[in-house]
Each structure stands twice: as C-alpha cells, then as structure tokens.
Amino acid sequence: MRPIWRFLIGQAVLVVALLSLPWLLLVVYPGVLELTAPVLCPAGQPDARIVEYSHTTHDGTSTNDTLVCLGPDGDLTEVGSWAPLGVYFVGVFVGSEAVVLPIQLLGIVRRRRRGPRPTGPPRPVRVPPVISLRGR
Amino acid sequence: MRSRGAIALVVAALALASCAGIGTVSQEEVTSEAQRRGGGITTHLVDAAVEAVAEETGRDPLPVHSIFATLAQVTITVPSADGSPGRDVWSYGTSGLYGGRGLTGPAVAGESAAGTFAVATGDLDVDAAGATARDAGGPGTWVESVTIARPGEGAEPVLSVVVTDGATSQTIAVEGSR
C-alpha cells in the first residue's frame with residue numbers, strides 16, 4: 001500500500017474515533033466542557049459551571065447544557081452551548097493529532113529510509129507447451 | 001450466549017444513561033453560589049450596560065432616568081430618543097438564563113417626574129456600594145438589586161442597594177458611590 005493511502009486511512013480512523021469517543025464522554029460526563037473555560041470565560045470570571053436547564057417548545061420539553069462563568073463576587077456570564085462544544089472538539093482533534101501525526105510521519109520517514117522492498121529473483125515464466133500438429 | 005451478550009449490552013446502556021448529566025448543576029445551584037459570593041451585581045456589569053446603551057443611542061455621557069440591576073441583568077431608562085416626553089427602556093444581560101443576553105430594546109415607557117442625570121463608564125462604584133450595604137446588612141446577606149435614580153426633580157441621584165439573607169430584605173442608600 002502506498003504511504004499516502006496509509007496516512008489517509010490513519011487520519012480517517014482518527015476522525016471516526018473523534019466523532020464517537022468524545023461524544024460518548026460528553027453524554028456520560030457533560031462536565032468535561034468546563035475544560036473550555038480558560039478559552040471562553042471572560043477575564044475575572046474564571047470559575048466554570050455546566051448548567052443543565054429545560055425549556056419548553058411546541059415540540060415538547062428539551063434539556064440543554066450551557067457553560068456559565070462565575071466571578072469572585074458572583075457575577076456571571078453565560079457562554080452558551082455551541083462555543084464550548086466547538087472548542088472541546090477542536091481541543092480533542094488537536095490533542096489527538098499531536099499524538100497520531102508524529103507517529104504517522106515517523107512511520108513514513110522510516111519506510112523511506114529503508115528504501116524499496118528487496119525483490120527476489122524473477123519468477124520463471126511458464127511457457128505453454130507447444131503442440132505439434134505435424135502429421136503422423 | 002447471544003442472550004447474555006444482549007443483556008450485557010442493555011445493562012451497559014442503562015449504566016451509561018444513569019451516568020448522564022454528571023458534572024452539571026441546576027440553575028438554582030448557580031444562583032445560590034452567586035448569592036454566596038455576594039450577589040453578582042458589580043461595577044463591571046453596570047458599566048457594560050451603560051456602555052452598550054451609550055453606543056447604541058450615540059449619547060456619551062448617557063442621560064439616564066434610572067438604572068436598575070439584578071443578577072446578570074441591568075435595565076436602563078433613558079429619555080426618549082425622538083425627543084418626546086416618554087422614556088426608552090433598555091435591557092442588558094449576560095445570560096439567557098437570567099433574562100437574556102446582550103442589549104434589547106428600547107421598550108417605550110410613559111413620562112416620569114424624576115429628572116435625568118448623566119452617566120459615563122466608570123462613574124458608578126457599584127462594587128463599593130454593594131460591599132457597604134452587605135456590611136450594613138450583616139453576615140450571610142447578598143445584594144439582591146441596585147437602583148440608581150433621582151428621587152425627585154433637582155435632587156442628587158441616590159444609589160439604593162437591596163440586601164437580603166433570603167428571608168428578609170432591607171434597602172440601604174449608599175452615598176458617595178458616584
């Protein structure tokens with residue numbers, strides 16, 4: 001298999017894993033979004049809380065999570081849901097690439113150094129037997 | 001064997017579902033935490049609201065009838081932009097859970113006998129007023145609301161702070177916060 005295909009398949013596996021495992025973690029433990037606070041919370045409001053709230057629409061009641069940043073005096077700012085999700089997935093992607101990409105590149109460099117695989121002696125070519133149709 | 005695998009899968013799914021929501025808090029818990037920390041009405045919040053209204057109306061310093069602040073929400077009443085005797089009411093918030101984010105308005109309100117006063121960013125020391133009021137209110141109190149208004153025509157604006165311990169509230173007028 002050509003190295004570029006190996007690289008692309010590795011990246012595809014990473015993307016599929018990124019779409020499933022972090023989502024699972026998010027469903028089980030939404031509090032993981034608090035990790036996005038240093039990026040999203042305003043200065044002076046460093047304490048993050050993930051607030052679960054319900055709201056009613058014409059389709060029924062839905063439950064959402066939103067990131068709220070708290071300051072030392074109780075002042076608060078709601079960041080919302082989408083920005084923490086975006087930062088979370090970008091963080092997971094960057095973190096995963098930081099591990100996977102060097103490994104993939106190392107593999108490519110090693111294979112290049114090794115050079116092309118040694119090829120053995122040429123296989124004997126089978127020649128179909130010649131049938132003589134000379135008269136008996 | 002197959003049925004065992006299916007049962008294990010169902011048990012795992014139920015276990016995951018029961019774990020869902022770990023690490024979250026309710027809005028009531030966040031409100032309680034904000035109250036334990038003092039109430040959340042700060043100079044920064046009021047300044048941000050004044051700045052937003054001043055920018056939207058193009059008036060700086062901003063002529064104001066009154067400013068009313070609660071947790072994450074500030075309502076500023078200003079003279080009508082079209083010069084009519086009515087008033088424009090602007091709302092500024094930092095959370096959709098507490099009345100909305102950003103600047104909304106203006107809602108139109110009727111005339112007021114109280115005069116206006118000019119406010120610019122940095123004019124009001126709400127932090128100091130809140131600390132003074134909490135000291136006066138006693139331990140365990142937090143700032144429920146802050147109002148800045150002129151009590152009557154010609155009078156100086158007064159900064160009134162309502163502090164509460166959850167059971168009883170008291171209004172404390174703080175001088176020298178402007």
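1. What radius of gyration does chain B have, and what would a compact globule of 178 residues have? Chain B has 23 Å, whereas a compact globule of 178 residues would have a radius of gyration near 16 Å; the radius is taken over C-alpha atoms, and the globule rule is 2.2 Å times the number of residues to the power 0.38. Along its principal axes, the C-alpha trace of chain B spans about 85 × 40 × 25 Å.

2. A word on the basis of these values. This is a predicted model, in which local features need pLDDT of at least 70 and side-chain atom pairs count only at pLDDT 80 or more, while totals for chains, interfaces and linings use all residues. Residues are numbered from 1 along each chain as its sequence is written, and chains are lettered from A and ligands numbered from 1 in the order in which they are written.

3. Chain B holds four helices and 10 strands, where helices (H or I, at least four residues) and strands (E, at least two) are DSSP runs numbered from the N terminus. Read from the N terminus, the order of its elements is α-β-α-α-β-β-β-β-β-β-α-β-β-β. Of the 178 residues in chain B, 35% are buried; a residue is called buried if 20 or more other C-beta atoms lie within 10 Å of its own, exposed if 12 or fewer, and partly exposed in between, with C-beta atoms placed from the backbone. Among contacts in chain B between residues at least 6 apart in sequence, 53% join residues at least 24 apart, a contact being two residues whose C-beta atoms, placed from the backbone, lie within 7 Å.

4. The contact between the chains takes 27 residues from chain B and 22 residues from chain A. On the side of chain B that touches chain A, helix H1 (2-19), strand S1 (24-25), helix H2 (27-36), helix H3 (43-57) and strand S5 (87-95) each supply at least two residues, and H2(B) gives the most, with five residues. The residues of this side divide into 10 nonpolar, 14 polar and three charged, where Ala, Val, Leu, Ile, Met, Phe, Trp, Tyr, Cys and Pro count as nonpolar, Asp, Glu, Lys and Arg as charged, and the others, Gly among them, as polar.

5. Strand S1 (residues 47-57) of chain A pairs with S1(B) in the parallel sense over two bridges: A:Ile50 has B:Thr24 as its bridge partner, and A:Val51 has B:Val25.

6. Within chain A, S1(A) and S2(A) pair in the antiparallel sense over 11 bridges and form a hairpin with two residues between them, A:Thr56 standing opposite A:Thr61 in S2(A). A:Val68, found in strand S2 (residues 60-70) of chain A, counts as buried because it has 28 C-beta neighbours inside 10 Å. Among the residues that A:Val68 touches, not counting residues up to four places away in sequence, are A:Arg49, A:Leu76, B:Val30 and B:Ser95.

7. Helix H4 (residues 126-137) of chain B has 12 residues and reaches 16 Å from its first C-alpha to its last, close to the 16 Å expected at 1.5 Å a residue, the expected span being 1.5 Å times one less than its number of residues. In H4(B), B:Val126, B:Ala129, B:Gly130, B:Ala133 and B:Gly137 are buried. They cover an arc of only 100° around the axis, and therefore lie on the same side of H4(B); the arc is that of the directions from the helix axis to the C-beta atoms. The buried residues of H4(B) pack against H3, strand S8 (142-149), strand S9 (158-164) and strand S10 (169-174) of chain B. Just after H4(B), B:Gly138 takes a positive phi of about 105°.

8. A last point concerns B:Glu51, which is found in helix H3 of chain B and is partly exposed, with 17 other C-beta atoms within 10 Å. B:Glu51 and B:Thr121 are 70 residues apart in sequence and 6.2 Å apart in space, C-alpha to C-alpha.

How values were computed
Two strands pair if DSSP finds at least two bridges between them.
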